[in-house]
Amino acid sequence: MDRITAAEVFVAIVERGSMIAAADALVMSRAMVTRYLSEMERWAGARLLHRTTRKLSLTHAGEATLERCRQMLEFAQDMDMAEGLEHEVLRGLLRISCSQSLGQSALVIAVTDYLRLYPQVAVDLQMNNRTINLVEERIDLALRITNELDPNLIARPLSTCHSVVCAAPAYLSQQGIPRTPPDLAVHNCLTYSYFGKSLWNFDLQGEKSAVAVSGNLCANESVVLLSGALEGAGITLQPYYSAAPYIASGDLVRLLPDYQPQPMGIYGIYTSRRQMPAALRVMLDFLVEWFATNPGWLNSAYLKL
């Protein structure tokens with residue numbers, strides 16, 4: 001049997017949540033879907049799905065196979081589209097969602113560079129920190145910063161987000177300077193509402209540690225916490241791309257320079273590899289290249305803070 005089709009069937013089953021829904025989406029009989037799944041499990045040498053009367057869930061082997069199948073389908077689609085993209089004029093509207101901090105510090109710059117190359121494409125940027133349903137809200141691409149990515153999402157790694165602990169000189173002159181992560185427990189720390197609100201993770205030469213923090217101000221957008229820190233409200237854990245200009249100017253002081261806050265992945269999330277608009281495929285490739293080559297995103301820039 002065709003392994004590309006089998007991979008497509010397996011991915012559809014996982015993404016749609018059932019073999020019936022996958023069969024409908026692929027315009028294929030349920031018997032054929034079952035046959036392709038059985039053949040995929042034979043190739044993998046393991047059961048890929050836990051089957052109950054209510055739902056399907058991935059086994060450990062299934063999680064690994066899902067990632068390989070998605071890579072296989074992406075490679076196959078790249079091969080099919082490579083020649084056509086050389087001659088195609090990109091056009092259309094792309095709706096992209098991301099956090100305000102990432103949007104104003106990086107994405108708007110990258111998108112502007114992209115639009116210079118492809119002026120017939122239009123981009124609608126939606127600043128949003130909450131988890132959204134891409135289909136319901138008609139979003140083509142969502143950029144997320146996370147270390148807990150849902151394995152069922154279609155995601156492409158774009159870059160790494162490094163962070164820095166910092167505070168205003170006014171706050172430090174009144175409250176003192178923390179020298180080690182445990183010292184943060186007695187400081188007013190400005191926390192993020194969505195993830196890692198009360199636990200900050202650090203690495204010191206391979207030795208990992210975590211400290212529970214608290215404070216009287218939390219928010220669901222890091223730029224708000226950055227503004228609070230600039231006003232002397234407390235200590236903040238910020239993406240370095242946001243904090244770097246203020247550290248360079250002296251408005252903020254970098255703290256705990258020997259301790260590396262846990263880095264996070266930056267991912268591009270989209271709905272399907274099937275019939276992906278050419279403008280979106282090129283945008284993803286462009287963002288990978290942009291993050292890798294833009295000086296503000298190189299690791300050396302972070303280390304020089």
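Two strands count as paired if DSSP finds at least two bridges between them. Strands, numbered from the N terminus, are DSSP runs of E with at least two residues, and helices are runs of H or I with at least four. The model is predicted, so local features need pLDDT of at least 70, side-chain atom pairs count only at pLDDT 80 or more, and totals for chains, interfaces and linings use all residues. Residues are numbered from 1 along each chain as its sequence is written, and side-chain values use heavy atoms, without hydrogens and water.

Five strands form an open sheet in the order 4-3-5-15-6, with mixed pairing. Strand 4 (121-127) and strand 6 (154-161) are the edges, and each pairs on one side only. From one strand to the next, the twist averages 25°. Strands of a sheet pair through backbone hydrogen bonds, either parallel or antiparallel. Strand 5 (residues 141-146) and strand 15 are antiparallel, with five bridges. Ile-145 has Ile-266 of strand 15 as its bridge partner.

Helix 5 (residues 100-117) lies across strand 3 (92-98), strand 4, strand 5 and strand 15. This helix runs at about 180° to strand 4. Angles run from 0 to 180 degrees between N-to-C directions, with axes fitted to C-alpha atoms, for helices over the stretch in contact. Contact means heavy atoms within 4.5 Å.

Strand 15 (264-270) also gives two or more residues to the lining of the second largest pocket, as do helix 1 (3-16) and helix 2 (19-26). Helix 1 gives the most, with six residues. A pocket is an open set of points on a 1 Å grid over the protein atoms alone, where a 1.4 Å probe fits, with protein on both sides within 12 Å along at least five of seven lines; lining residues have an atom within 4 Å of a point. The lining holds 24 residues, and Glu-15, Ile-154, Tyr-270, Thr-271 and Ser-272 lie nearest the centre.
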